[in-house]
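Thank you all for making time this morning.

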Amino acid sequence: MVTSKVRDDVSDRVRAILATREEIKETSSGKKQKIAEVKTIENAPSMSTCKSVVSMEAPSPIAKVFPTVTPMAPPSLLNHENAEKSIALFFFENKLDFSIARSSSYQLMIDAIGKCGPGFTGPSAETLKSTWLERIKTEVSLQSKDIEKEWATTGCTVIVDTWTDNKSRALINFLVSSPSQTFFHKSVDASAYFKNTKCLADLFDSVIQDFGHENVVQIIMDSSFNYTGIANHILQTYGTIFVSPCASQCLNSILEEFSKVDWVNRCILQAQTISKFLYNSSSLLDLMRRFTGGQELIRTGISKPVSSFLSLQSILKQRSRLKHMFNSPEYTTNPYANKPQSISCIAIIEDNDFWRAVEECVAISEPFLRVLREVSGGKPAVGCIYELMTRAKESIRTYYIMDEIKCKTFLDIVDRKWRDQLHSPLHAAAAFLNPSIQYNSEIKFLTSIKEDFFNVLEKLLPLPEMRRDITNQIFTFTKANGMFGCSLAMEARDTVSPWLWWEQFGDSAPVLQRVAIRILSQVCSTFSFERHWSTFQQIHSEKRNKIDKETLNDLVYINYNLKLARQMKTKPLESDPIQFDDIDMTSEWVEESENPSPTQWLDRFGSLDGGDLNTRQFNAALFSASDHIFNL
């Protein structure tokens with residue numbers, strides 16, 4: 001065998017490579033050993049380790065009870081879980097409504113904190129109460145000032161929202177609305193003079209002056225007022241201001257009268273028998289949700305009759321699933337299946353007459369719920385209310401075409417409420433000026449509202465020289481001459497807001513254009529979101545000092561206006577203006593007795609995950625009723 005000698009430089013290079021590999025193996029082995037040692041320490045905590053942690057940073061009482069999650073997962077996952085846990089503890093410790101997590105500002109706050117990185121310290125209580133309260137109040141006020149600029153063109157509506165209790169307290173909220181937005185103005189305790197027309201008149205005069213009487217088109221009031229006295233004062237003092245009823249209140253009154261009809265009331269009571277049985281047992285509630293795909297059976301609306309008819313709609317949609325559930329093995333083996341209430345529920349579920357009544361209730365109520373949605377969303381709807389009510393009545397006639405007695409029963413209710421509460425010359429004039437109505441050949445009521453339209457014109461144009469060319473301009477509009485007849489105007493009749501249509505295409509009738517924009521820019525209802533009147537009670541409490549009242553006034557001003565702004569920005573498909581997100585667990589659709597025990601109440605929820613939990617009830621039940629909002 002022939003061997004050849006390896007050069008020295010090659011030998012040295014090979015030795016270096018081998019030595020490097022050995023070092024890598026030793027390093028790797030050392031690292032594994034260190035990791036194993038660390039895991040051993042973590043899995044077997046020592047007192048010295050715990051002491052060293054405590055000495056570095058003393059934990060809060062909450063942290064002692066709920067320690068941070070032990071790192072057993074990737075850092076990003078652990079950080080995410082610890083962040084969620086910290087937020088949850090903040091909610092629980094401070095008794096916050098779970099619904100706060102649905103607020104648009106909730107995620108904005110979290111995103112803003114995340115951008116600050118580690119070490120960010122939140123503002124102190126004093127900073128929130130002084131610096132930020134004043135700064136945000138100023139920002140909200142500036143927004144309202146910007147909106148005021150449009151009032152010269154669109155005019156505005158003053159909304160008067162009242163609340164009274166059994167202690168003769170009377171609180172009045174004043175809001176102002178125009179096409180861009182609705183703003184909360186102020187809250188007044190009128191308990192001392194609520195029945196005194198002179199004092200109320202002075203109050204209304206001051207509010208009208210705040211907005212400028214030349215800008216106010218109408219004032220919407222509910223029936224809890226000394227309505228006639230105040231209305232007469234306003235009409236006599238301000239020649240161009242209308243006093244209008246609240247359309248949503250009238251519609252609620254119609255639905256309430258519907259619910260009192262004998263067979264409708266019986267149907268609602270039978271449906272409540274089912275809902276009470278299911279919602280007073282956590283096991284039955286869980287079973288129901290499995291069969292309905294997580295859908296609730298009942299709904300909470302802006303009023304009692306709205307809740308009833310929305311709940312009937314929901315129950316009708318779940319008819320087949322409810323029948324399937326009550327006949328399923330999961331139900332028959334449930335301990336509640338043998339209770340007397342169960343037998344009653346099964347009898348109702350299997351009763352075809354009950355389901356026919358539910359179908360009938362839904363058919364007669366849905367047209368008016370649809371109108372209520374249109375007028376309660378905060379958008380200018382004064383030009384639509386007349387047509388919407390006419391169509392709703394036609395729906396009743398069509399449905400009961402073979403039953404004259406029932407048809408008359410419900411139409412009499414509608415006509416009486418319309419005549420006594422809702423009809424307004426301003427609504428009639430708005431319908432006449434609405435292009436989708438004026439140019440619709442199917443509309444038959446235009447002739448009957450023409451007189452109201454002319455009366456409104458005389459009120460808004462009181463001087464003869466102001467009305468000099470108005471007849472020709474009305475003719476130009478009704479015959480679709482000039483710009484009214486251009487292709488763009490015709491295409492936009494049914495797709496653009498009536499007031500905006502007039503702004504864009506009304507130049508052929510300039511005087512009528514100004515009147516039409518002012519009329520069609522108005523709302524016809526108060527807003528529908530929940531008002532926490534306890535907050536306003538706190539403002540007007542005699543026990544509060546002046547500083548507390550001012551602070552709480554500012555807080556309510558900001559809170560109310562932020563909610564109004566959010567509601568105006570919310571798309572119709574994202575929320576129902578006549579329905580709340582949370583179920584009212586104290587309503588007659590859930591409560592079995594007038595004074596349920598705490599354990600009976602808590603049993604409905606099973607695991608308190610907040611999905612169906614009415615958090616207002618939760619606060620009232622678990623926390624002292626004396627806890628004041630904002631801790632003031």
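Predicted model: local features only at pLDDT ≥ 70, side-chain atom pairs only at ≥ 80, totals over all residues.

Ser 248 is found in helix 10, which covers residues 247-260, and helices (H or I, at least four residues) and strands (E, at least two) are DSSP runs, numbered from the N terminus. If we leave aside its neighbours within four places in sequence, Ser 248 is in contact with Leu 372, Val 375, Ser 376, Ser 525 and Thr 526, where contact means heavy atoms within 4.5 Å.

Residues are numbered from 1 along each chain as its sequence is written, and side-chain values use heavy atoms, with hydrogens and water left out.

Now the chain as a whole. There are 30 helices and five strands in the chain, and of its 632 residues, 42% are buried. Among contacts with a separation of 6 or more, 69% are made by residues 24 or more positions apart. The accessible surface comes to about 34,700 Å², and 54% of that belongs to carbon and sulfur atoms; accessible areas come from the Shrake-Rupley method with a 1.4 Å probe, and for residues, only the protein chains shown count as cover.

Next, please look at helix 22, residues 446-460, which has 15 residues and reaches 20 Å from its first C-alpha to its last, close to the 21 Å expected at 1.5 Å a residue; the expected span is 1.5 Å times one less than the number of residues. Which residues of helix 22 are buried? They are Leu 446, Ile 449, Asp 452, Phe 453, Val 456, Leu 457 and Leu 460. An α-helix has 3.6 residues a turn, so residues three or four places apart point the same way. The buried residues of helix 22 pack against several elements, including strand 5 (242-245), helix 18 (385-399) and helix 20 (425-433).

Helix 20 is mostly covered, since eight of its nine residues are buried, among them His 427, Phe 432 and Leu 433. In strand 5, Phe 242 and Ser 244 point one way while Val 243 and Pro 245 point the other way, and all are buried. Strand 5 runs parallel to strand 4 (residues 216-221), joined by four bridges, and two strands pair if DSSP finds at least two bridges between them. In this pairing, Ile 220 stands opposite Ser 244.

Is Phe 410 buried or exposed? Phe 410 counts as buried because its relative accessible area is 0%, and this residue is found in helix 19, residues 404-422. Leaving aside neighbours within four places in sequence, its contacts include Phe 258, Trp 263 and Tyr 400. Lys 198, in helix 8 (residues 197-211), is exposed, with a relative accessible area of 54%. The C-alpha atoms of Lys 198 and Ile 230 are separated by 8.6 Å, although the two residues are 32 residues apart along the chain.

Finally, a word on the backbone. Most residues other than glycine have a negative phi, and most peptide bonds are trans. Lys 95, however, has a phi near 55°, a positive value in a residue other than glycine; Lys 95 lies in the loop between helix 4 (75-93) and helix 5, and counts as partly exposed because its relative accessibility is 30%. Ala 480 also has a positive phi, near 55°, and its place is in the loop between helix 23 and helix 24 (487-492).

Key:
Buried < 20%, exposed > 50% of the residue type's maximum accessible area, 1.4 Å probe, protein only.
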